[in-house]
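Subject: Handover of a structure

Dear colleague,

Please find below the structure that I am passing on to you.

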Amino acid sequence: MAAIAGFAFVVNANYPGYLNYDILSQLFQLRAGDYADWQPPFIVLLWMGAMKVFPGPSGLLVLENLLIWGGLASIALGLRRRMGAWCLLILVIPFIPGVFNFLGNTNRDTLMMAWTLAAFSAAFCANDAHIAGRKRLALQMLASVFAVAAFLVRTNAIFALMPLLLYIWFPLGWRRNMLVCLVISAAMPLTQIALNRMMDARHDYPEDSIKTFHLLALSYLEGKNLFPGVWTEEESRQIAEACYSPRHWDTAGIWAQQENCGMIHAKLLEQGLWGSAAMTRSWLTALARNPVGAYAAMAETFHKSMHQPYEAIVIFNPGKFEDRDWMVLPPYRETTQIAHKYLYSRFILKWSKSWIHAAMLTGVVILLLALRLAEKRLGLFALALACSGLIYLLSYFPFTVAALYRYFYWSGVAAWLSALLLVIAACARFRMTIGRIGTRALQLVIAWRATKEEEEKRALPRLLRLGVCATVAATVALVSTSSNLPQERRTLSFSALGNGAVTITGLRVAMTMEGIPPFHWVGKPVSIEGWQRVDAGWQAVDSTSPLVTTVKMLHQPVRVVFQTGPDGGKVRIEDNGTVTLVDTRAAEQGKTIVDLPPQRIWNKEKRQRTWHAPARAALVFIALTALLYCFSGRRERPTTDVEAGGNLQGQPESLFEANENPCHPRAWSHEMTAFPVFLSVVYVVRNQGERLGGILRQASTFLSALANDHELIVVDNASDDDSVAVLKNLTGENGLPNLQVYALTGEVDADTAFWAGMENALGDFVAALDPLSDDIAFMAEMLGRTMEGADVVFAHNRQEPAQGLAYRAAAGVFNGLYKFCNGIHLQREAPSYRLLSKRVIHFILQHPQPAIAYRHLPATAGFARAKLDYNAAPSAESVPGKNLAGSIDRGLRLRVSTTRGPLRLVTLFSLFGAAANLLYSVYVLAIALFRHDVTPGWVSLSLQQSGMFLLISLVLLVLGEYILHMASRSNEGPLYHVGQEFTSARITRREKLNIEETR
């Protein structure tokens, strides 16, 4: 009902709908029956069908709002089970500033947004956990059809539709998903070609407008005409000096004035160059010869699109159609008055900026990855929406012809919708609630019980995750580094001479079309004494006071428009020292135009930015892509990954099969029958005296039910508190059974401490886990795998304790290097939570340094192994952070001790910098990018020196570590020393033996 009310308000307030110039031309095509592909013929086809129900231009208004409100209502209904009445927030999005702007306007951008939103809503319904079978397939097909319709409305939407197609078919699996997406993407242009032929649409080569825009920009930057064909000297001068506007290509369009730059399109048509191969060759040659200039021109238009877009509000009445006047004239309807007042408010104009949408979209994607929400259904849907908006926004960097706000309309809708879905997904993830509304009886909560379907997670493939990170990085790089082309500042002074009337009605860039931004006045007057404001200009009332204005613009002529008439007078124009006299007297009222040429000649380097801008963008892109990829919160796949070094039995498919197999972990977990093994569990603790008793009692109770016999080994890592005293009490007469304690005299790293307990373990299987971050309840699943034949079982907790940024960065570098050299990722493929058989322990004991080899050897020695994933919050409220310095030292020792070619480290570490030289290299690059007064040769010489010192320091680092390792091998001692050792007074396995103790 809320969606129906919103739909009714928008249609009633804007009926019969507002048309821009592009859609109005299609209305003329529809009436004449003469179709062309400059604007999509598909829109004409839609209009023909809509007119059979809704007369005049109102059919498309109703159609697009049906798609918009219907799509949002479908998403809200899909969230109703989880959100309750809060799902109505979805229906507020159309009224948000920046989105409400075009709901009453019929144009291709609004239609494209409507079809894409409808496709996303159908995909969301199709991928609901409660939808399956033919109904899901029908919804997926419907979403794909809507996606094709969005492409037919706007061709460049194909880039933004790729995340949508991937989301539609993601239940197929990523490989088949990619195949289906490629097939649908290939079918889109084929459908467009077939439709154009069916409607016999004339090919007007609209893609040449992009080529014209780029050639105009490069002609200005290089100071010469780059268009193919034959041109007069004056025409070439105009093209190079006066026809380029970074805000739009309209100055050279077919609708431009011939006396200005409209001759460009006319002469290209006349010479048969429009749509020709020669036009394409000239365009590609110009781009290849001056890529920096091309980037600078694109960045200029993109910058204006992000920060200064025009036509954020378009209200053009359709006029007469079918002998009926469809114009909306006063007195307006109440809904129309409300809509107009809202549209023309400062609130709308302030928020109708594309950079806001870009910032929102990047923030949404980063938070989805950082909070690990993209693996759930709702988070994946929000990620697809946000990526679609980002890709659509980026597609206008190379393929735009104007800084229009409506070009980025879909990105704005995707930004607000994905941001709201992010909030919903985060609330569900962290079980957050939103407070009461109204009385206590009306308390709506955004939190729901996690069902089995909602707990399903699908990790993003690496390539897809890299693509998401690259998309975000490209957006940040282009939006943050794009800037205006170099501009010149010109001070113009207008002085009235004599008693005649002098009126200036326009001051703008020469050759710019009337009514096209920057409109009729560039710059602001700095001295207006003696002049008064009249309409859009200024009129002199005191001939002794000049009008002074400062103009900041490209290196182009300035056009001044004066009002002429019988009472006109003379005016003196000073332009940076150049004086021009103009007489505005004429027999009849009219206007005269004076073009003030640029004052000095700029060479090519002055007209455009140098390579600094694209270099900055590239550096930001590469650095941010790497950073996001490393810290995007990637999880392992939710399914169990089994890496067989030997033969392992397959996992049973059903609970019945699990119950038939008494060694299957699910059978043990249900029946709680003890495993017929002797199990040793090693805990490493330090300064946990207050909570130690509770942890060990809980573990002892669980292990008593889990295995026929067990021992709990506690290694106290040189605690400073009363942990040892607590442990002594727990081993007393009234303490815990089967408890073995080893108290070390000095603190060692975690791996060494774990090995101190494992090499003294007596069990058939030995487990090592951190009681603060690992879940001992998962031991049943791990023991089940040992019953199936695995000698090594690793368990990875998805909810790892949070660590600092520096530690995560160092860990990422170390794990990447270790995987490159040894073939395994220690953190993911050999986590510290593990279960080893006794023969694995004996094998490690044969190593010269078992305490170091213990970490990696079980994963690389060829034993039958399995790796399991589980999800459990850390048992402690705050887990102590890991020491970065100690971890680096342990990592270096582990790295050096496990390689056969230590000199390989020299070539590997040469990719990275020693800290001082690396920082100095960054400093040199920053100076080169941001300063232009650098002494020639300083940059290259400094980089050469820092690079050489970098390599030398790295060689010394690696060789020094290797020599230290060899020295420690030649004079090595024990890595740890046990200061105290005590055992529980009661050992249950002794009670089971048929032996009487005699004295």
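This is a predicted model: local features need pLDDT of at least 70, side-chain atom pairs count only at pLDDT 80 or more; totals for chains, interfaces and linings use all residues.

Residues are numbered from 1 along each chain as its sequence is written, and side-chain values use heavy atoms, with hydrogens and water left out.

Cysteines

The structure holds one disulfide, a term used here for a pair of cysteine sulfur atoms within 2.5 Å. The bond joins C243 to C261, with an S to S distance of 1.8 Å. Its S-S torsion is about -85°, so the disulfide is left-handed. Both C243 and C261 lie in the loop between α10 (233-241) and α11 (263-270), so the pair ties together parts that are 18 residues apart in sequence. Helices (H or I, at least four residues) and strands (E, at least two) are DSSP runs, numbered from the N terminus. C243 is buried at 0% relative accessible area, and C261 is likewise buried at 0%; buried means under 20%, exposed over 50%, and partly exposed in between (1.4 Å probe, protein chains only). The sulfur of C469 has its closest cysteine sulfur in C630, 8.9 Å away, which is too far for a bond. C469 is buried too, with a relative accessible area of 1%.

Sheet

Five strands form an open, antiparallel sheet in the order β8-β9-β6-β11-β14, where two strands pair if DSSP finds at least two bridges between them. The edges are β8 (531-534) and β14 (590-596), each with a single partner strand, so one side of each is left without a neighbour in the sheet. From one strand to the next the twist averages 30°, with axes taken as lines fitted to C-alpha atoms and angles running from 0 to 180 degrees between N-to-C directions. Four bridges connect β8 with β9 (residues 537-540), and W531 has A540 in β9 as its bridge partner.

Seven of the 10 residues of α3 are buried, among them F42, W47 and A50. L45, also in α3 (residues 41-50), is partly exposed at 34% relative accessibility. Together with M48 and M198, L45 makes a nonpolar surface patch of about 270 Å². Such a patch joins nonpolar side chains (Val, Leu, Ile, Met, Phe, Trp, Tyr) within 5 Å, from residues with over 30% relative accessible area and no salt bridge; accessible areas come from the Shrake-Rupley method with a 1.4 Å probe.

Salt bridges

The count comes to 21 salt bridges, each being a side-chain nitrogen of Lys or Arg within 4 Å of a carboxyl oxygen of Asp or Glu. D208 pairs with K211 at 3.0 Å between the closest N and O atoms; the two lie three residues apart in helix α9 (residues 208-222), about one turn of the helix. D208 is buried at 1% relative accessibility, as is K211 at 10%. In α10, E241 and R237 are four residues apart and meet at 3.0 Å, N to O. E241 is partly exposed at 26%, and R237 is partly exposed at 33%. A further salt bridge, between E747 and R686, has an N to O distance of 3.5 Å. E747 lies in the loop between β17 (739-744) and α26 (750-758) and R686 in the loop between β15 (675-685) and α24 (689-706), so the pair ties together parts that are 61 residues apart in sequence. Finally, D22, D109, R154 and R406 are linked in a network of salt bridges.

With kind regards

Note on methods. Patches are made of residues with over 30% relative accessible area and no salt bridge: like charges are joined within 9 Å, nonpolar side chains (Val, Leu, Ile, Met, Phe, Trp, Tyr) within 5 Å.
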